[in-house]
Amino acid sequence: MSEPASIALQQEIARQLGVDQVFNAEQEIERRVAFLTERLTSTGLRCLVLGISGGVDSTVAGRLCQLAVERARAAGHEARFHAMRLPYGVQSDEHDARLALSFIRPDHVLTVDIKPASDSALEATLAAGVGFRDVRHQDFVHGNIKARQRMIAQYAVAGAYDGLVVGTDQAAEAATGFFTKFGDGAADLVPLAGLTKRRVRALAEALGAPGGLVRKIPTADLESLDAGKADEDALGITYDAIDDFLEGKAVDKRDFDTLVHRYRLTEHKRRLPSGP
Ligand SMILES: Nc1ncnc2c1ncn2[C@@H]1O[C@H](COP(=O)(O)OP(=O)(O)OC[C@H]2O[C@@H]([n+]3cccc(C(=O)O)c3)[C@H](O)[C@@H]2O)[C@@H](O)[C@H]1O
Ligand SMILES: Nc1ncnc2c1ncn2[C@@H]1O[C@H](COP(=O)(O)OP(=O)(O)OP(=O)(O)O)[C@@H](O)[C@H]1O
Ligand SMILES: [Mg+2]
């Protein structure tokens, strides 16, 4: 590909993902809190629901949710934020999730252990005779079942209390399709949309989040055989390179090709299901 064509493609992907060329953390916080408040009040629904993992994305999205419901209440609306702990059994970084909650100060915290439902879904699949290539493949698919069980738990709470499910999709994950389709990818509102990973961290810092959470190594933490595996190891590209690409900076050819390949491969995840 010629250099002008590469630059045009890079700009087009950033545009499709809604990544702005200019960035101001304080303004982005205000814009995104206002968005959540407006969506909640204009739909007539009564709460926001979001899983808090102990990672930086849900720390930021969770604090934005709490600020939004407080603003809605101040304007006379009924509004609550239900923050959900959704561990698979015992979570190894539970202390980070607790730290995130003490920073977010949500109206309500509730815990649903997704292990029994995730394990029985896998067992029923195995009992039906489904065969996986090997134990790693089975563990990977089990990981996506966990992400979808989290979605089910969040929608159950939204159904119970007339709420909206908030997702943490941001531009770096959207670009690489690094989320479970209809799992953590399923949500009603995505307040971090268009943010690169470093911009999510900048929001975390501006909101006053604990430094350990601002700088925490991102992990999907879905695979039992590879607990706490860093996203960057799974992706084969660093968040810095993804962010540089999306912010219109120069990236080396290998990273450029990896990102464009992943972007094209995961196009289906950013669209509604296709029909004839
Ligand atoms: N071309 C196409 N057109 C329409 N649909 C297509 C398709 N190709 C696959 N599909 C469908 O998509 C499915 C594959 O997608 P999916 O089920 O999502 O599975 P997949 O993309 O294989 O795995 C999800 C990846 O996201 C990572 N993840 C998940 C959750 C959270 C995070 C995080 O950052 O925290 C990361 C996870 O570690 C894993 O690497 C296929 O089984 C098929 O049903
Ligand atoms: N153990 C968990 N408890 C509650 N929610 C979870 C858990 N694991 C994942 N989630 C939900 O799924 C979302 C996607 O996970 P993801 O790992 O991308 O985000 P994160 O953990 O907040 O940040 P990071 O990507 O930096 O690890 C989380 O933001 C959170 O809403
Ligand atoms: Mg995480």
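How many nonpolar, polar and charged residues does the shell around ligand 1 have? By class, there are 6 nonpolar, 5 polar and 4 charged residues. Here Ala, Val, Leu, Ile, Met, Phe, Trp, Tyr, Cys and Pro count as nonpolar, Asp, Glu, Lys and Arg as charged, and the others, Gly among them, as polar.

## About the model

This is a predicted model, in which local features need pLDDT of at least 70 and side-chain atom pairs count only at pLDDT 80 or more, while totals for chains, interfaces and linings use all residues. Residues are numbered from 1 along each chain as its sequence is written, and chains are lettered from A and ligands numbered from 1 in the order in which they are written.

The protein averages a pLDDT of 97, and 100% of the residues score at least 70; pLDDT is the predictor's confidence in each residue, from 0 to 100. For the complex, the predictor gives an ipTM of 0.99 and a pTM of 0.98.

## Around ligand 1

Let's return to the first ligand. Of the 15 residues around ligand 1, the nearest are A147, T180, K181, A220 and H268. A residue is near a molecule if its C-beta atom, placed from the backbone, lies within 6 Å of it.

Helix 6 (135-161) and helix 10 (231-235) each supply at least two residues of this shell, and helix 6 gives the most, with 3 residues. Helices (H or I, at least four residues) and strands (E, at least two) are DSSP runs, numbered from the N terminus.

## Around ligand 2

Ligand 2 has 19 residues around it, of which G51, S53, G55, S58 and P218 come nearest. The shell divides into 8 nonpolar, 7 polar and 4 charged residues.

## Helix 3 and its partners

Now follow helix 3 (residues 56-74): its axis comes within 9 Å of that of helix 4 (residues 94-104), and the two cross at roughly 25°. Axes are lines fitted to C-alpha atoms, for helices over the stretch in contact, and angles run from 0 to 180 degrees between N-to-C directions. Helix 3 and helix 4 are therefore roughly parallel (angles under 35 degrees count as roughly parallel, over 145 as roughly antiparallel, 65 to 115 as roughly perpendicular and the rest as oblique).

Helix 3 also packs with helix 8 (residues 197-207), at an angle of about 50° and with the axes 9 Å apart. That makes helix 3 oblique to helix 8.
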